[in-house]
Amino acid sequence: MEHGRLEDAKARREWDTPMYRLAVAQLDRTAQQMDLDPNIWERLRMPQRAHVVSFPFRRDDYDTVETVFGYRVQHLLTMGPTKGGIRFDVDVDLGEVTALAMWMSWKCALMGLPFGGAKGGVRVDSDALSRTERQRLTRRFTMEIIDVIGPDRDIPAPDLGTDQQVMAWIMDTYSQQRGHAVPGVVTGKPIELGGSEGRREATGRGVVVCVEAACRHLGIDLEGARVAIQGYGNVGATAARLVDRLGARVVAVSDVRGGTTHPGGLELDNVDRWIADNRYLTGYPGGDDVTNGELLELDCDILIPAAVQNQITSHNAERVKPRLIVEGANGPTTLEADAILADRGVFVVPDVLANAGGVTVSYFEWVQGLQQFFWSEDEVNRRLRDLMQRAFGDTLALSTAEGVDLRTAALMRGIRRVTEAKRRRGVFP
Ligand code: NAD
């Protein structure tokens, strides 16, 4: 192959999508600032393993067979098993899963957890699946990736569109094949199967530890502060409850179809009752309907994006009002928006730090499972709080020392640890 064609071929990335480009652009910007070894830098820009599968599952009518795509990407195998969620969502593709796996690597390293980053997903409309369809889909997907997951290999957890029940089906399918129960193959599983107290709420709880720490830093009084939350799922609804308990006013929440707002603060018990009866927030009588776009531009003090990526962009960053944004979702802010927000003095607690509570308690779950010794909810929450507060404090200190924003500081800490581990192991052979 002539030189030019080889260079072109080497530059081609099957996973090259806008979200992958965002993750790589963040890595590149941070690597430049850190003066990172170019050999390791290049290695970190791509996943170590990527599995793409297509597989069928039966719809409930039993005649229709749907064929869907699934992915499991392991970004970094240097420091232990890989770890990362599985999402069921219509936007899942190889680029998205690769970007999310890369962020998991930085997140685990930043928190000092002995894992590399991974992520998985199936491109499917999660909301449109019945319980039985979801179960068949989950079990077949587990079979498709069974050789690459395992308690010492790669440990999935819940993410967008998946929950404890999905983890239980993965654990059961894996265990059926191995011939004995293997609870350690997933985290975020039900308590009865060896799950951890506090895991379901852990990501939202960690987000709120960051909200409190950032408020202290910025001199914002959380009592009475107005909080808007995009995404009212596991992360968003937990964060809403906890900030409400701390005296803040939750002025807006949303789901995939839109949201509801009340400037005086929403009654969360009523919101939950409405969702139990109507599934979606639209039409909730205790507030006014808003679109997801409008929610991001509401007049409030704190914004928690807790839904999906690519929400705060160059198109709306000028109009985002709060002084503080705490990223519950992965990748909600684009690189261009980051620059605009920084110019405007908005303080952003980045995803790799803000939503690290989930993988931290997943780590606790893994440790408890290995020891067969389980902690109380209070103990889990206390340890989570300690680790999150320490990570926040150390990252803030580095951002001040280096004169960089919190995202860059968080990535610097994660990438530095990964780089040191890679250097110690060397190149095989
Ligand atoms: P979830 O499925 O429980 O809830 C997602 C919420 O977002 C739902 O209210 C859904 O209706 C809404 N939503 C979905 N698509 C949307 C869209 N296009 N626009 C607006 N809203 C939309 O998921 P979750 O576990 O709460 O995850 C939310 C985010 O947090 C994701 O970005 C995920 O990667 C991240 N996260 C989750 C965990 C975890 O432990 N669950 C850990 C770290 C990060």
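**A pocket, a sheet and a ligand**

Biologist: How many residues lining the second largest pocket are nonpolar, how many polar and how many charged?

Modeller: Happy to start there, keeping in mind that this is a predicted model. The lining includes Ile40, Leu77, Val427 and Phe428, along with Asn39, Gln48, Thr78 and Gly426. Arg43, Lys422, Arg423 and Arg425 line the pocket too. By class, the lining divides into four nonpolar, four polar and four charged residues.

Biologist: Which elements give two or more residues to that lining of the second largest pocket?

Modeller: The pocket holds about 380 Å³ of space. The elements giving two or more residues are α3 (38-44) and α15 (406-425).

Biologist: Nice. Turning to the open sheet of seven strands, which are its edge strands?

Modeller: The order is β9-β8-β7-β6-β10-β11-β12, with mixed pairing. An edge strand pairs on one side only, and here that picks out β9 (288-290) and β12 (347-349).

Biologist: Which residue in β8 stands opposite Val253?

Modeller: Strand β7 covers residues 249-255 and β8 covers residues 258-261. These two strands run antiparallel and are joined by four bridges. Opposite Val253 stands Thr260.

Biologist: And the ligand: which residue has a side-chain N or O atom 2.9 Å from one of the ligand's oxygen atoms?

Modeller: There are 22 residues around the ligand, and Arg87, Asp159, Thr203, Asn234 and Val235 come nearest. Arg199 places a polar side-chain atom 3.4 Å from a ligand oxygen, while for Tyr232 a backbone N or O atom lies 3.1 Å from a ligand oxygen. The side chain with the 2.9 Å distance belongs to Asn330.

Terms used
Residues are numbered from 1 along each chain as its sequence is written. This is a predicted model: local features need pLDDT of at least 70, side-chain atom pairs count only at pLDDT 80 or more; totals for chains, interfaces and linings use all residues. Side-chain values use heavy atoms; hydrogens and water are left out. Two strands pair if DSSP finds at least two bridges between them. On a 1 Å grid over the protein atoms alone, a cavity is a set of points where a 1.4 Å probe fits but cannot get out, and a pocket is an open set with protein on both sides within 12 Å along at least five of seven lines; lining residues have an atom within 4 Å of a point. Grid points are joined across faces, edges and corners, and a volume is the space filled by probe spheres set on the points. Ala, Val, Leu, Ile, Met, Phe, Trp, Tyr, Cys and Pro count as nonpolar, Asp, Glu, Lys and Arg as charged, and the others, Gly among them, as polar. A residue is near a molecule or strand if one of its heavy atoms lies within 4 Å of it. A polar contact is a pair of N or O atoms within 3.5 Å; within protein, one must be able to donate a hydrogen and the other to accept it, and residues adjacent in sequence count only if both atoms are side-chain atoms.
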